[in-house]
Amino acid sequence: MANVISVVSSKGGTGKTTVALNLAVALAEKGDKTLLVDIDPLGAIGLSLARSDTEWAGLAEYIMQKMPVEDTIIKTKLASLAILPRGRLDPLDIALYEDVLHSSRTLQDIIAAVENKYQYIIIDTPSGLGMITRAALSVGNFVLLPLQAEALSLRSISQTLRVIAHVREVDNPKLQLLGILATMVQLHQDSSFDILKTVWTSLSGVLETYIPRADVFALASGKGLPIAFLGGEYPPEALRFELLATEIKKIIQELGGVTGETDERKQRELI
Amino acid sequence: MNENSANSYDLHQAQQLLNLLIPRPGTAAKEKPVQLDTPNYLSLSAGNISQHVRKADTREVVAEVTAREEPELVLQKFDSWEACITWCMSATRAEAAFAVDSQGFVIASRGRIPSQGFEGAGAELICSIEQLERIAPDAGKILCIDMDFDKRRIVGFVASSENTSLYVVGLVAPEPLRIEAKQKITQQILDNLPNLD
């Protein structure tokens with residue numbers, strides 16, 4: 001059974017898609033079979049990979065019963081990573097798409113159909129706490145909350161936490177918060193540092209790993225690649241996502257999730 | 001120097017919620033039970049909005065509501081329980097709907113289905129109807145059960161006739177319904193029962 005992680009945030013521009021994409025890559029690079037699901041009506045994952053929003057069939061086609069879910073999943077050159085794209089959704093139909101995802105069993109059915117094939121299913125959600133985010137929270141075991149290191153993001157964090165707590169109480173008792181992931185951190189800048197200091201000192205559940213703001217993300221986005229796939233010297237930000245993947249796997253293990261590994265080793269002799 | 005910004009982050013509620021959400025070692029939740037403050041949010045639940053609109057009542061609003069309700073409650077023919085509960089959801093603006101047979105088995109469901117499904121609710125509804133009819137044995141058959149819980153509202157329409165088994169159509173969080181509307185919905189289901197049974 002897969003660990004289903006929804007990446008959610010009430011505020012836009014906190015790096016949800018970047019986190020979802022690069023975390024999925026980092027998990028897959030560790031050999032864990034990972035499915036990245038794009039339910040954002042914008043189709044942000046496809047756009048991040050420099051694909052036209054009419055190139056890939058996906059969720060929209062599944063909803064319209066044009067394709068079975070298995071046929072909508074795209075294999076990548078990274079053997080352990082697959083992507084379920086948003087599909088060729090007409091932007092004029094976004095309201096209908098939101099309604100269908102919220103008021104039907106579509107997401108539950110998709111997860112049920114694929115969860116035995118993957119260890120991790122990462123769901124990239126749109127900004128805000130609307131119907132699609134609620135639908136994602138209703139089907140996941142875990143939720144990851146990216147927090148941009150700036151004032152507005154910090155001031156709105158209670159809204160996201162309130163919705164997570166509500167969904168857990170009413171719709172999905174198995175939902176667990178993995179933690180708050182600070183993103184776009186600029187420790188050399190006073191304002192960003194002050195936010196992070198406030199977060200570290202005032203809130204629990206903040207992950208040890210944080211994601212810095214760096215030009216490499218814009219570069220990767222321009223090339224339509226995850227940062228670990230850029231050529232040249234391996235970017236330290238890609239290492240951050242490896243650390244994030246390790247930290248998340250550890251938390252999932254502590255929370256009773258199935259990671260399929262115990263890291264048990266035989267005793268060895270040094271000399 | 002102006003220090004207005006010194007305390008611009010009120011994270012008390014955020015931390016309370018985190019204590020609730022992350023009961024892991026090292027968090028306050030382990031030290032003391034979580035007591036959430038009641039935030040001063042305004043609830044815009046369907047019932048509240050509806051009451052507000054009707055209190056603010058203008059003739060246009062009433063006319064609009066009437067105009068919306070009347071055409072939807074005209075006689076319809078359904079060839080499946082799916083079609084029937086879809087119509088019930090649309091007519092009452094319910095979040096979800098389900099139909100159960102006399103044994104309490106769910107035969108159709110649609111909408112925002114809770115994670116535990118409707119199996120339990122369906123079985124309990126069937127049991128409850130039998131119990132409730134004992135309250136007033138001379139009052140006839142129960143046609144509708146309207147339950148207001150503190151978190152949501154559930155309405156069950158009972159459909160049975162001499163020639164068919166008993167069925168219950170349950171609606172979750174529908175708009176408040178007038179008695180005439182309830183009777184029309186029950187009649188609608190009853191009229192279609194021969195096609196659905």
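Let's start at B:Phe118 and what it touches. Leaving aside residues up to four places away in sequence, B:Phe118 touches B:Phe98, B:Val106, B:Ser109, B:Ile113 and B:Gly170. Keep in mind that this is a predicted model.

Where does B:Phe118 lie in chain B? In a loop, between strand E2 (106-111) and helix H5 (119-133) of chain B. Is B:Phe118 buried or exposed? Buried, because 22 other C-beta atoms lie within 10 Å, and the cut-off for buried is 20 or more. One more distance here. B:Ala108 is ten residues from B:Phe118 in sequence, and the two are 9.6 Å apart in space, C-alpha to C-alpha.

Now step back to chain B as a whole. It has six helices and five strands. From the N terminus, the elements run α-α-α-α-β-β-α-β-β-β-α. Of its 197 residues, 25% count as buried. Take the contacts in chain B between residues at least 6 apart in sequence: 49% of them join residues at least 24 apart.

Next, the interface. On the chain B side, 19 residues are in contact with 22 residues of chain A. Which element gives the largest share of the chain B side? Helix H1 (residues 12-21) of chain B, with seven residues. Sort that side of chain B by class and you get eleven nonpolar, five polar and three charged residues.

Look at the residues. H9(A) brings A:Ile157, A:Ser158, A:Leu161, A:Arg162, A:Ile164 and A:Ala165. H1(B) answers with B:Gln13, B:Ala14, B:Leu17, B:Leu18, B:Leu20 and B:Leu21. In this contact, nine residues are nonpolar, two are polar and one is charged. As a reminder, an α-helix has 3.6 residues a turn, so residues three or four places apart point the same way.

Over to chain A, and its sheet. Seven strands form an open sheet, in the order E3-E4-E2-E5-E1-E6-E7, with mixed pairing. Which strands are at the edges? Strand E3 (74-75) and strand E7 (176-183) of chain A, each pairing on one side only. E3(A) pairs with strand E4 (residues 81-84) of chain A in the antiparallel sense, over two bridges. Across that pair, A:Ile74 stands opposite A:Ile83 in E4(A).

Now the helices of chain A. Eight of its nine residues are buried, so H7(A) is largely enclosed by the rest of the structure. The buried ones are A:Ile132, A:Thr133, A:Arg134, A:Ala135, A:Ala136, A:Leu137, A:Ser138 and A:Val139. What covers them? The cover includes strand E1 (3-7), helix H5 (94-103), H6, strand E5 (120-124), strand E6 (142-148) and helix H9 (157-170) of chain A.

The axes of helix H6 (residues 106-114) and helix H7 (residues 131-139) of chain A come within 9 Å and cross at roughly 40 degrees. H6(A) and H7(A) are therefore oblique to each other. The crossing is right-handed. On the H6(A) side, the contact is made by A:Leu107, A:Gln108 and A:Ile111. On the H7(A) side, it is A:Ala135, A:Ala136 and A:Val139. By class, that contact of H6(A) with H7(A) has five nonpolar residues, one polar and no charged.

Last pair. Helix H1 (residues 16-29) and helix H12 (residues 236-254) of chain A have axes that come within 8 Å and cross at roughly 70 degrees. That makes H1(A) roughly perpendicular to H12(A). From H1(A), we have A:Asn22, A:Leu23, A:Ala26 and A:Leu27. They meet A:Phe241, A:Glu242, A:Leu244 and A:Ala245 in H12(A). Six of the residues in this contact are nonpolar, one is polar and one is charged.

Conventions. Residues numbered from 1 in each chain as written. Chains lettered and ligands numbered in written order. Predicted model: local features only at pLDDT ≥ 70, side-chain atom pairs only at ≥ 80, totals over all residues. Helix = DSSP H or I, 4+ residues; strand = E, 2+ residues; numbered from the N terminus. Buried ≥ 20, exposed ≤ 12 C-beta atoms within 10 Å, placed from the backbone. Contact = placed C-beta atoms within 7 Å. Axes fitted to C-alpha atoms, helices over the stretch in contact; angles between N-to-C directions. Parallel < 35°, antiparallel > 145°, perpendicular 65-115°, else oblique. Left-handed = near helix turned anticlockwise from the far one by under 90°. Nonpolar A, V, L, I, M, F, W, Y, C, P; charged D, E, K, R; others polar. Pairing = 2+ DSSP bridges.
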